[in-house]
Amino acid sequence: MNAVLVWIGVALLFLGSLVTALSALGLLHFRSVYARMHVSAKPQSFGILLMSIGMACALQTAKGIAVAVLVVALQYLTVPISSHMLGRAAFRAGMEAKTVTDEYSDDIRHIREQADPSAAM
Amino acid sequence: MMTTLLICSLIFHMVALTLVLIRLGKGPSSIDRALALDVTAAAIMGIVMVTSVWFLRSDLLPLIIVLACTGFISSTTIARFVSRDTEAKSGLLSPEEALALDQAQAAESASDDDDVDDGDLDAEETNLTFTDTLDKGIDAGERANDRGEEELG
């Protein structure tokens with residue numbers, strides 16, 4: 001066992017858990033759904049990435065490295081899916097997105113004008 | 001020293017789970033609760049990782065893979081059904097009326113599919129008339145938002 005690698009691994013695990021704790025704090029603090037969505041994606045992607053690298057460094061076994069790679073791959077495949085679905089559901093349930101540009105609403109207006117030209121504003 | 005760092009990691013995870021639990025109880029919408037569930041899954045994965053490093057237990061590793069595979073299902077399911085949920089709860093329509101309206105809209109959109117270009121925005125939901133659903137949803141959601149902001153103060 002390489003002692004330096006173990007130290008690096010434990011430090012990375014510590015940093016990853018710090019990311020998780022801070023994002024939970026942000027989840028409690030932010031007031032809009034989209035801001036909470038932004039902050040809740042961090043431990044799922046970045047925190048798990050840090051902790052997987054840390055685990056692989058600390059365990060230093062083939063099984064540990066394989067599990068770390070697989071977990072990071074799975075998280076980076078599934079987290080965007082669930083985030084996208086949640087954001088879409090939030091917008092369609094009428095949560096107001098206070099953003100500078102709002103292309104989705106422009107698209108909806110475009111479809112509405114094409115469907116019913118007489119009601120176009 | 002190394003054990004101290006690992007204990008600190010576990011404490012951070014514990015704090016995170018506590019804060020997430022508060023958000024899970026407060027809501028105010030089911031989407032916030034789904035986000036809290038996502039963070040909970042990530043925190044549990046972190047706890048298992050720290051434990052497996054601390055006690056050198058590589059038999060815990062499959063648990064992490066299972067959590068990574070299934071963690072997203074809960075929030076995706078909630079997201080799939082939340083829009084219909086808010087529409088039914090808004091008091092605009094009873095479930096039977098909503099179903100009848102859906103069927104009428106499906107028949108209507110099937111009949112004039114030729115001259116309406118839906119684009120690829122709602123390709124997966126061609127049996128719903130997109131804009132009508134959204135209009136109702138926005139009205140209901142604005143009321144829900146107002147309520148939520150009053151509650152949060």
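This is a predicted model: local features need pLDDT of at least 70, side-chain atom pairs count only at pLDDT 80 or more; totals for chains, interfaces and linings use all residues.
**Entry 1: chain A overall**

I began with the elements of chain A. I found four helices and zero strands. From the N terminus on, the order reads α-α-α-α. I then looked up burial. Of the 121 residues in chain A, 49% are buried. I also checked the contacts with a separation of 6 or more in chain A. Residues 24 or more positions apart account for 62% of them.

**Entry 2: the two H2 helices**

I noted the hand of the crossing as left-handed.

I listed who meets whom. On the H2(A) side I found, among others, Val33(A), Met37(A), Ile48(A), Met51(A) and Met55(A). On the H2(B) side the residues include Ile31(B), Leu35(B), Val39(B), Met45(B), Met49(B) and Val53(B). I sorted the residues of this contact by type: 15 are nonpolar, five polar and three charged.

**Entry 3: the nonpolar cores**

Which residues touch the most other members of the largest nonpolar core? I got Leu13(A), Met55(A), Val71(A), Met45(B), Met49(B), Val53(B) and Ile64(B), out of 26 residues in that core. Helices H1, H2 and H3 of chain A and H1, H2 and H3 of chain B each supply at least two residues of this core. H2(A) gives the most, with six residues.

I followed Met45(B) further. Leaving out residues up to four places away in sequence, Met45(B) touches Ile48(A), Val71(A) and Gln75(A) from chain A. From chain B, Met45(B) touches Ile64(B), Leu67(B) and Ala68(B).

I also logged a second, separate core of 20 residues. Val33(A), Met37(A), Val39(A) and Leu86(A) are among its members.

**Entry 4: two positive phi values**

Last, I looked at backbone angles. Most residues other than glycine have a negative phi. Where did I find a positive phi? Gln60(A), not a glycine, has one of about 55 degrees. Gln60(A) sits in the loop between H2 and H3 of chain A. Its relative accessibility is 26%, so Gln60(A) counts as partly exposed.

Chain B gave me Leu56(B), with a positive phi near 50 degrees. Leu56(B) lies in the loop between H2 and H3 of chain B. Is Leu56(B) buried or exposed? At 53% relative accessibility, Leu56(B) counts as exposed.

How values were computed:
Residues are numbered from 1 along each chain as its sequence is written. Chains are lettered from A and ligands numbered from 1 in the order in which they are written. Side-chain values use heavy atoms; hydrogens and water are left out. A crossing is left-handed if the near helix is turned anticlockwise from the far one by less than a right angle, and right-handed if clockwise. Contact means heavy atoms within 4.5 Å. Ala, Val, Leu, Ile, Met, Phe, Trp, Tyr, Cys and Pro count as nonpolar, Asp, Glu, Lys and Arg as charged, and the others, Gly among them, as polar. A nonpolar core is a set of buried Ala, Val, Leu, Ile, Met, Phe, Trp, Tyr and Cys residues joined through side-chain atoms within 4.5 Å. Buried means under 20% relative accessible area, exposed over 50%, partly exposed in between (1.4 Å probe, protein chains only).
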